[in-house]
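Student: I've got a structure open and I'd like to talk through how its inside is put together. Can we go through it step by step?

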Amino acid sequence: MSVYKERMNELSLGQDFKNSLLDKMREKAADNAIVENNSTSSYENEERESKNRLRRRRRIIKTSLSVACAAALCMIAIPVAIALFPAASPNLNDIGDLSGGNGAPGDEGGDALQQAANFSMGERATDRYGNFIEFTGVDYSESITFDGQTYVPSDGNVFILLYVELDLTHERDWNGYIEFTSDNISADYTICYGVNEYYSGNLTFRQDIFDEHFPKPEGRPFGGGVLVSETDDRFVDYIAEARQPLEHRQSNEIFFECQDFGVEGAVQASILTTFDISLDDLIEEEQKNSDN
């Protein structure tokens with residue numbers, strides 16, 4: 001027994017070893033606590049991020065639903081508003097008389113809203129400053145002579161002559177005077193040769209002839225003269241083919257516009273002004289000449 005006790009005493013741990021072992025166990029426990037805390041933190045972070053994603057998704061869904069509801073309400077509300085308040089929607093009958101004449105707002109009998117005005121041949125369009133344009137006739141020719149100088153159109157073209165009375169001597173309180181240039185004048189024609197069948201073409205304004213020969217007694221265009229344009233010479237054939245009786249004809253005309261010129265309107269000072277220059281008299285004359 002004494003030998004056994006001696007051996008057991010030899011195997012007993014010294015205090016230094018016990019202290020060292022205890023320190024290692026404490027370090028191990030601390031490391032485990034850190035790992036556990038980190039795991040918990042990661043889990044909490046992931047759970048928190050998941051909740052944030054869910055909240056964001058709900059906000060998106062809520063916003064989408066709000067937008068959809070608003071759109072649906074607009075789709076319902078707009079027709080209801082139109083039905084309840086028909087005067088709020090545009091009424092084409094209130095635009096005004098676009099058939100021509102000096103029926104622009106501000107004139108007698110022209111109180112309705114009007115954003116465009118159309119004038120026929122023989123009707124004078126006058127702006128608020130006193131400038132006016134009035135077309136009095138139309139013709140065509142293969143050449144023209146002004147002041148002893150003869151002009152011919154480009155090959156394959158013919159001249160279109162628009163007889164006009166005008167006054168462009170009055171300066172506007174914006175942007176100076178009205179100018180007739182190839183940049184701000186546009187014109188085209190339509191000629192009916194059958195039921196809802198038409199020939200058409202564009203006119204090219206000859207600004208050079210206008211600048212050189214139109215009357216300008218005080219440096220500005222004034223009085224009677226000719227506006228010269230040119231177009232494809234098939235225009236002559238189209239005139240000859242428009243042989244329907246006058247009462248059955250439609251849209252035999254030249255459509256003319258100067259972007260600089262506009263009569264006075266109710267909404268703005270100057271509104272779109274156009275001219276329909278009838279070709280019926282020219283067609284009638286051509287038919288009489290061909291019959292003879």
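Student: Which residues of helix α4 are buried?

Tutor: Keep in mind that this is a predicted model. A residue counts as buried when its relative accessible area is under 20%. In α4, which runs over residues 234-241, the buried ones are Phe235, Tyr238 and Ile239.

Student: How wide an arc do they cover around the axis?

Tutor: The buried residues Phe235, Tyr238 and Ile239 sit on the same side of α4. That's because the arc they cover around the axis is only 100°.

Student: And what do the buried residues of α4 pack against?

Tutor: Both strands and a helix turn up here. The strands are β3 (132-141), β6 (157-167), β7 (185-194), β8 (197-205) and β9 (222-232). The helix on the list is α5 (280-291).

Student: Which residues does phenylalanine 235 contact, leaving aside neighbours within four places in sequence?

Tutor: Contact here needs heavy atoms within 4.5 Å. With those neighbours set aside, the partners of phenylalanine 235 are Tyr140, Val158, Ile160, Tyr189, Ile191, Leu279 and Leu282.

Student: How many disulfides does a search of the whole structure find?

Tutor: A pair of cysteine sulfur atoms would have to lie within 2.5 Å to count. Cysteine 192 is buried at 2% relative accessibility, and cysteine 258 is buried with a relative accessible area of 2%. Still, the number of disulfides found in the whole structure is zero.

Key: Residues numbered from 1 in each chain as written. Predicted model: local features only at pLDDT ≥ 70, side-chain atom pairs only at ≥ 80, totals over all residues. Heavy atoms only, no water. Buried < 20%, exposed > 50% of the residue type's maximum accessible area, 1.4 Å probe, protein only. Helix = DSSP H or I, 4+ residues; strand = E, 2+ residues; numbered from the N terminus. Arc of directions from axis to C-beta.
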